[in-house]
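Here are my notes on the model, point by point. Please read them with the structure open.

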Amino acid sequence: MPTQRLSMRRIKEVLRLKHFQGLPERAIARSVGVSNGVVHSYLSRARSAGLSWPLPEGMTDEDLELLLFPAPRPASQSPQRPVPDWSYIDKELRRRNVTRRLLWEEYRAVNPDGFGYTWFCTTYEAWKGRVRPSMRQIHLGGEKVFVDFAGDTIDIVDPLTGEVQPMKLFVAAMGASNYTYAEACPSESLADWIRAHVNLFTFLSGTPTFVVCDNLKAAVSNPDRYDPGLNRTYAEMASHYGTAILAARPRRPKDKAKVEVAVQIAQRWILARLRNQRFFSRAELNAAIKTLVDELNARQMRGFGSSRAELFAELDKPKLTPLPDQPYAFARWKRCRLAPDYHVEVDGHWYSAPYRLIGELVDARIDDRTVEIFHKGQRIASHARAPNRRGHTTIADHMPSAHRRYGKWTPAAVIAAGERIGPSTAAFFQAVIDARPHPEQGFRTCLGILALVKSYGAD
């Protein structure tokens with residue numbers, strides 16, 4: 001591993017100790033805290049550059065660095081040795097299984113007297129260094145889409161009350177083509193996060209292999225550096241679309257540098273252009289955003305000679321996974337423990353599950369129409385979503401047999417049981433029930449007589 005270059009301040013100290021103090025190299029090495037070889041190397045570079053001490057007046061650290069570490073001379077670029085089209089090379093490297101060696105071989109096949117492989121790789125890296133930072137990573141076509149919320153907001157105004165509601169801007173960018181999507185959302189909540197992804201995949205007409213996201217609560221339930229825990233609804237949505245979620249490391253914006261740049265562009269291209277306009281609905285705002293996004297994707301990108309839309313059609317779109325037949329229907333998950341009355345609470349209403357699982361942890365999946373209850377991955381109950389709060393929805397099969405039998409006892413059922421014994425018994429049961437303020441208060445007397453009949457017979 002090469003030694004890290006000393007700062008210009010320490011290099012100046014080496015020159016001062018050598019040429020002004022007259023110290024030997026070994027003493028200079030001890031004073032500066034480096035090896036003898038390092039001191040010898042810097043003094044050799046200074047001799048080659050014609051430098052001693054004091055340095056020429058007005059020499060800056062940059063001037064000194066250029067003298068000590070001159071840039072390598074560029075290779076000859078005569079007409080007999082044509083230079084590759086680096087924009088084409090960079091675009092081709094984002095295709096699957098395309099390597100630098102393959103592209104160099106194709107270059108040499110067309111130009112037999114062209115440059116060598118080492119020059120090819122070195123010059124390509126230098127070309128990348130002159131391009132904006134978002135191009136530094138190589139992303140394969142259709143592999144990744146980067147998603148995030150912009151920090152700035154844009155307002156919509158209620159036309160009736162005049163109330164102003166700030167809207168968040170959801171932004172996504174494809175890795176290979178920089179193809180950009182944006183829409184306004186009321187918040188960063190789970191429902192809005194999932195809805196934005198569903199709209200994103202519809203916009204792309206397919207799904208990439210990975211979705212790279214930040215560590216917001218709607219996406220990551222446990223933002224661990226090494227083993228992040230995904231929100232269950234978010235993971236279920238990804239499974240529905242056949243993609244996978246990659247959460248960026250906490251406080252590591254370079255993991256999602258692509259969307260960081262896309263967010264900056266979206267804030268300047270979209271929010272800045274709409275800053276003086278007033279919008280009275282989210283649909284109206286998103287229509288204006290869509291127009292600007294289409295214009296952004298159609299613009300030619302400097303250094304590429306192509307637009308985002310053209311690169312997307314060429315690199316990303318052929319590699320996307322087709323969309324499922326139906327879009328994902330949003331559903332929440334809730335972990336709860338089955339109560340002693342074999343019900344779980346969801347939004348103030350209670351839903352039953354098999355009584356044998358009393359005390360067990362279960363998972364409730366809640367959407368707009370149904371509540372499903374799962375135990376260890378197996379669905380054990382399904383209910384229609386109840387509109388009322390503080391009520392119970394119970395399926396008879398979930399009840400113990402004794403509870404089912406008791407649940408069947410009504411005044412009519414009790415009187416009918418008495419009729420099977422005889423008309424006098426039925427009349428007695430009717431009188432007992434009618435004599436009580438509440439019919440259920442007479443059930444015990446009637447059930448006691450039925451128990452005697454079961455033990456001794458009706459005669």
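1. Confidence. The chain has a mean pLDDT of 81, and 86% of its residues reach 70 or more. pLDDT is the predictor's confidence in each residue, from 0 to 100. Over residues 75-79 the pLDDT is below 50, and this stretch has 5 contacts in the model beyond near neighbours in sequence. A contact means heavy atoms within 4.5 Å. Residues 132-136 also stay under 50 in pLDDT. For residues 132-136 the model has 11 contacts beyond four places in sequence.

2. Ground rules. This is a predicted model, in which local features need pLDDT of at least 70, side-chain atom pairs count only at pLDDT 80 or more, and totals for chains, interfaces and linings use all residues. Residues are numbered from 1 along each chain as its sequence is written, and side-chain values use heavy atoms, with hydrogens and water left out.

3. The sheet. Four strands form an open sheet: 4 strands in the order β8-β11-β12-β13, with antiparallel pairing. Strands pair if DSSP finds at least two bridges between them. β8 (332-337) and β13 stand at the edges with a single partner strand each, so one side of each has no neighbour in the sheet. On average, neighbouring strands of this sheet are turned by 25 degrees against each other, direction ignored. Helices (H or I, at least four residues) and strands (E, at least two) are DSSP runs, numbered from the N terminus.

4. Inside the sheet. Strand β12 (residues 370-375) and β13 run antiparallel and are joined by 6 bridges. Ile373 has Ala381 in β13 as its bridge partner.

5. The helix across the sheet. α9 lies across β8 and β11. The helix runs at about 130 degrees to β8. Axes are lines fitted to C-alpha atoms, for helices over the stretch in contact, and angles run from 0 to 180 degrees between N-to-C directions.

6. A link from α9 to β11. Arg232 forms a salt bridge with Asp363, with the closest N and O atoms 3.2 Å apart. Why does this pair tie together parts that are 131 residues apart in sequence? Because Arg232 lies in helix α9 (residues 232-241) and Asp363 in strand β11 (residues 361-366). Arg232 is partly exposed, with a relative accessible area of 39%, whereas Asp363 is buried at 9%. Buried means under 20% relative accessible area, exposed over 50%, and partly exposed in between (1.4 Å probe, protein chains only).

7. Other salt bridges. The whole structure holds 18 salt bridges. The term covers a side-chain nitrogen of Lys or Arg within 4 Å of a carboxyl oxygen of Asp or Glu. One of them joins the side chains of Asp347 and Arg385 (2.5 Å, N to O). Asp347 sits in the loop between β9 (343-346) and β10 (349-352), and Arg385 in the loop between β13 (378-384) and β14 (392-393), so this pair ties together parts 38 residues apart in sequence. Asp347 is partly exposed at 33% relative accessibility, and Arg385 is partly exposed at 28%.

8. A local pair. Arg16 and Glu13 meet through their side chains in a salt bridge (2.8 Å, N to O). Both lie in helix α1 (residues 8-19), 3 residues apart, about one turn of the helix. Arg16 is partly exposed at 25% relative accessibility. Glu13 is partly exposed at 27%.

9. Backbone points to check. Most residues other than glycine have a negative phi, and most peptide bonds are trans. The peptide bond from Trp53 to Pro54 is cis, with omega near 0 degrees. Pro54 is in the loop between α3 (36-49) and α4 (61-68). Asn178 has a positive phi, near 65 degrees. Asn178 lies in the loop between β2 (164-174) and β3 (180-185) and is buried, with a relative accessible area of 5%. Ser205 also has a positive phi, near 60 degrees. Ser205 is in the loop between α8 (190-204) and β4 (210-213) and is partly exposed at 44%.

10. One more loop residue. Thr60 is found in the loop between α3 and α4. Thr60 is partly exposed at 37% relative accessibility.
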